[in-house]
Amino acid sequence: MKIVRIDAEADDITYGTVEPDGIRLYHGSPFFHWERSETVLPITEVKLLSPVIPTKIIAVGRNYADHAAELGNEVPDTPAIFLKPPTTVIGPMAQIRIPQGIGEVHHEAELAIVMGRVTKSISPDDVDGHILGYTAANDVTARDLQRSDVQWTRAKGFDSFCPLGPAIDTEFDPSEGSDITCSVNGEMRQQGTTADLVFGVPDLVSFISSVMTLLPGDVILTGTPAGVGPIVDGDRVEVEIEGIGVLMNPVVSL
Ligand code: ZN
């Protein structure tokens, strides 16, 4: 099943699923309780939003060996985690907004885990039942600030620096090794496979849940493969994960 969140007329309808002839609307939320409606809208009539509003986003640094190497870093012994605020989240087609005077800003194509249940201190074997599904993410990063600041909060935390979408795929299996790519204005920049994650999904979720309670809808960004590079005003950035879809966002400078 592919779950989307939409900008709909009715207040109680914000979620839908992708069907062959359009988007099936649901009452409620897949994270708590939802009910299928009889309405199916043509996809051209639906505005997609980010498929989830997380209470927090936990990101993992240096989780592909080739990307760690390109920035001159070692692969860590334990997952290197950091937080992005929920206000970084934007949906498909929404603008990545680059504030003035922050230097180079980079794209980072990432597989995102969307949690489905309250999760605390679980073993890697139990992780599967706690995940709702997977989506695509762009961990937009102000690279100059990441290098100059002690913490990464500013570099990773600007509004609009976490595009998510287009859908949450509940059947996606990251262990199968799906292609993950990023292209800018149609030119391929990053090309990797989810099979190359240093710490896989079960280990990441188990590790993070030993630190903090994960809530339904919380998002984990699993790291980016090699090929990160600058994005500038007027660019169109596409993150694609095989089986999940394409997440496109235009870039504007403020
Ligand atoms: Zn990242």
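Biologist: Which domains does the domain assignment of the chain give?

Modeller: The chain is seen here in a predicted model. Its domain assignment gives two stretches, residues 2-49 and residues 57-253. These are, in that order, domain 1 and domain 2.

Biologist: How many residues does the contact take from domain 1, and how many from domain 2?

Modeller: The centres of the two domains, taken over C-alpha atoms, are separated by 25 Å. Contact is judged on heavy atoms, which must lie within 4.5 Å. On that basis domain 1 gives eight residues and domain 2 gives 15 residues.

Biologist: What area is buried between domain 1 and domain 2, and which residues of domain 1 lose the most?

Modeller: The size of an interface is often expressed as the accessible area lost when the parts come together. Between domain 1 and domain 2 this area is about 870 Å², with 70% of it from carbon and sulfur atoms. On the side of domain 1, 66% of what is buried comes from the residues that lose the most area, namely K2, I3 and F31.

Biologist: How many salt bridges and how many residue pairs in polar contact are found between the domains?

Modeller: For salt bridges between domain 1 and domain 2, the count is zero. For polar contact across this interface, the rule finds two residue pairs.

Biologist: Which strand supplies the largest share of the side of domain 1 that touches domain 2?

Modeller: That side holds seven nonpolar residues, one charged residue and no polar ones. Strands β1 (2-6) and β5 (48-49) each supply at least two of its residues. The largest share, three residues, comes from β1.

How values were computed: Residues are numbered from 1 along each chain as its sequence is written. This is a predicted model: local features need pLDDT of at least 70, side-chain atom pairs count only at pLDDT 80 or more; totals for chains, interfaces and linings use all residues. Side-chain values use heavy atoms; hydrogens and water are left out. Domain bounds come from an automatic or database domain assignment. Buried area is the accessible area (1.4 Å probe) that two parts lose on being put together, summed over both. A salt bridge is a side-chain nitrogen of Lys or Arg within 4 Å of a carboxyl oxygen of Asp or Glu. A polar contact is a pair of N or O atoms within 3.5 Å; within protein, one must be able to donate a hydrogen and the other to accept it, and residues adjacent in sequence count only if both atoms are side-chain atoms. Helices (H or I, at least four residues) and strands (E, at least two) are DSSP runs, numbered from the N terminus. Ala, Val, Leu, Ile, Met, Phe, Trp, Tyr, Cys and Pro count as nonpolar, Asp, Glu, Lys and Arg as charged, and the others, Gly among them, as polar.
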